[in-house]
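Please take a moment to look over the sequence and the model below before reading on. The paragraphs that follow go through some contacts between charged side chains and then turn to a pocket.

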Amino acid sequence: MKIIIIGAGQVGATLAENLANEDNDITVIDTDANRLRELQDRLDIQTVQGSGSHPDVLDQAGCNDADMLIAVSNQDETNMIACQVAHTLFKTPTKIGRVRSNAYSKYPKIFGDTALPMDVRISPEKEVTKHLSRLIRYPGALQVMEFAEGKIQLVVVKAEKGGPLIDRPISYLKEHMPSIQTRIAAIYRNGQSIKPDGNTLIHANDEVFFLTAQRDVLDVMSELRPLDTPYRRIIIAGGGNIGERLAQSLEKEYRVKIIERDPERCRYLSETLNNTIVLNGDASKQELLLEENIESTDVFCAITNNDEANIMSSMLAKVLGVRTVMTIINNPAYVDIVQEGMIDIAISPQQTTISSLLTYIRRGDVVNVHSMRKGAAEALEAVAHGDYRSSKVVGRAIANLNLPEGATIGAVVRNDDIIVATGDVVIQAEDHVIIFVSNKKQIPAVEQLFQVGLTFF
């Protein structure tokens, strides 16, 4: 695909790197020449310096024959006007824009074809909020991803001693929990991917990826590690867009406090939120954390825009006795470092945002994508179309599919039924198929499997 990316910030740069590695024709537009030079030095891409909302700049970038425009600059207005210009002057087929402000998101009618033609709106803040909310609802999970409108979830946990499945073969899971539909899709041991089968033993410290219905997540987790007690008390460090959204999503079920340094923002939050305690102060101050009983707090979420402030306040909270620390870190170089220390879960907004973008970039009818392990692996939800003649999957048993190495079908969702994948399951038209791909280089082969041949038309 020929793709134009507006914005060479952290989201745009990470997206360019992901897509350039898949042999797409990528052009990045930004006003900062230094950012563009750094990208061009390490990636096989084209760059254009200038404002992405200007017609001449888009023309220079080749917008007249682009398949897709992705506007992810830090300015909502630039992104919206860029989509308008691409639609009006260049008839760009797909236009994706980043819109951060709730002031725009509250009025979806302005994004129609007769106003600001944006085919897809993405909000990194919204995606990160959903990610954090799911982690808080499943204590002990490292990642929770939803498929088929939430009917089925892919959950990542670290196996620990005390779980009944530790040092036993995976087949024991079926014997021990015969009424629960679940499939272990992947295991990472010492950083290396292991394709599991019924005889594979689960060891302590394995990173286990399993698929199951939403209602059964905790039951399956209990087989892999002792269950943590549910979270009740949450402290959020940072009252920006993510802090506000997160508090709104949690305040009905949890006891939530927000710590925010800006007095004006505190006033706004106290008027907007219903059941959240808003505190004006610095979350890196020991006295404040002790006053707010940090030692009896279940989760400390550091979600300011400053990586260093997030890391330091998280480490302090952990030292003072908080149970779990979740920290937003924008600099990818920091993520692995901090997760080896006191911080329990480090969240990269770029990777979370890219997951939502990849849904619209994948070929075939792919309705959901989750990027994992720093973009090296993916889980996809693809819809099977066609018939036995026109499709490579419809009417065929899973055991007979030509799946590339490192790809595993974990489950099939048929209407409201969840079918755990076994070799004899036959895929039908309109099934939603959940595929885990441990090697991202195999994604094109998976996409081709789900593309319908011309005979179908």
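**Salt bridges and a pocket**

In this predicted model, the side chains of Lys-2 and Asp-65 meet in a salt bridge, with 2.7 Å from N to O. Because Lys-2 belongs to strand E1 (residues 2-6) while Asp-65 sits in the loop between helix H3 (55-60) and strand E4 (68-71), the pair ties together parts that are 63 residues apart in sequence. Are these two partners buried or exposed? Lys-2 has a relative accessibility of 17% and therefore counts as buried, since the cut-off for buried is under 20%, whereas Asp-65, at 46%, counts as partly exposed.

This contact is one of 21 salt bridges that a search of the whole structure finds. Another is formed by Asp-416 and Lys-151, whose closest N and O atoms are 4.0 Å apart. Asp-416 lies in the loop between strand E20 (407-414) and strand E21 (417-420), and Lys-151 lies in the loop between strand E7 (141-147) and strand E8 (152-158), so this pair ties together parts that are 265 residues apart in sequence. Asp-416 is exposed, with a relative accessible area of 62%, while Lys-151, with 27%, is partly exposed.

A further salt bridge joins Glu-160 to Arg-225, and here the closest N and O atoms are 3.1 Å apart. Distant parts of the chain are linked by this pair, as Glu-160 is in the loop between E8 and helix H7 (171-176) and Arg-225 is in the loop between helix H8 (217-224) and strand E12 (233-237), 65 residues apart. Glu-160 counts as partly exposed at 32% relative accessibility, and Arg-225 counts as buried at 8%. Elsewhere, salt bridges that share partners join Asp-30, Asp-32 and Arg-35 into one network.

We can now turn to the second largest pocket, which holds about 750 Å³ of space. It is lined by 41 residues, and those closest to its centre are Asn-74, Arg-98, Arg-100, Glu-125 and Asn-305. What kinds of residue make up the lining of the second largest pocket: nonpolar, polar or charged? The lining divides into eleven nonpolar, 22 polar and eight charged residues. At least two lining residues come from each of helix H1 (10-20), strand E2 (25-30), helix H6 (124-137), helix H9 (241-250) and helix H14 (349-361). In terms of domains, domain 1 (2-122) and domain 3 (243-351) each contribute at least three residues to the lining of this pocket.

Note on methods
Residues are numbered from 1 along each chain as its sequence is written. This is a predicted model: local features need pLDDT of at least 70, side-chain atom pairs count only at pLDDT 80 or more; totals for chains, interfaces and linings use all residues. Side-chain values use heavy atoms; hydrogens and water are left out. Helices (H or I, at least four residues) and strands (E, at least two) are DSSP runs, numbered from the N terminus. Buried means under 20% relative accessible area, exposed over 50%, partly exposed in between (1.4 Å probe, protein chains only). On a 1 Å grid over the protein atoms alone, a cavity is a set of points where a 1.4 Å probe fits but cannot get out, and a pocket is an open set with protein on both sides within 12 Å along at least five of seven lines; lining residues have an atom within 4 Å of a point. Grid points are joined across faces, edges and corners, and a volume is the space filled by probe spheres set on the points. Ala, Val, Leu, Ile, Met, Phe, Trp, Tyr, Cys and Pro count as nonpolar, Asp, Glu, Lys and Arg as charged, and the others, Gly among them, as polar. Domain bounds come from an automatic or database domain assignment.
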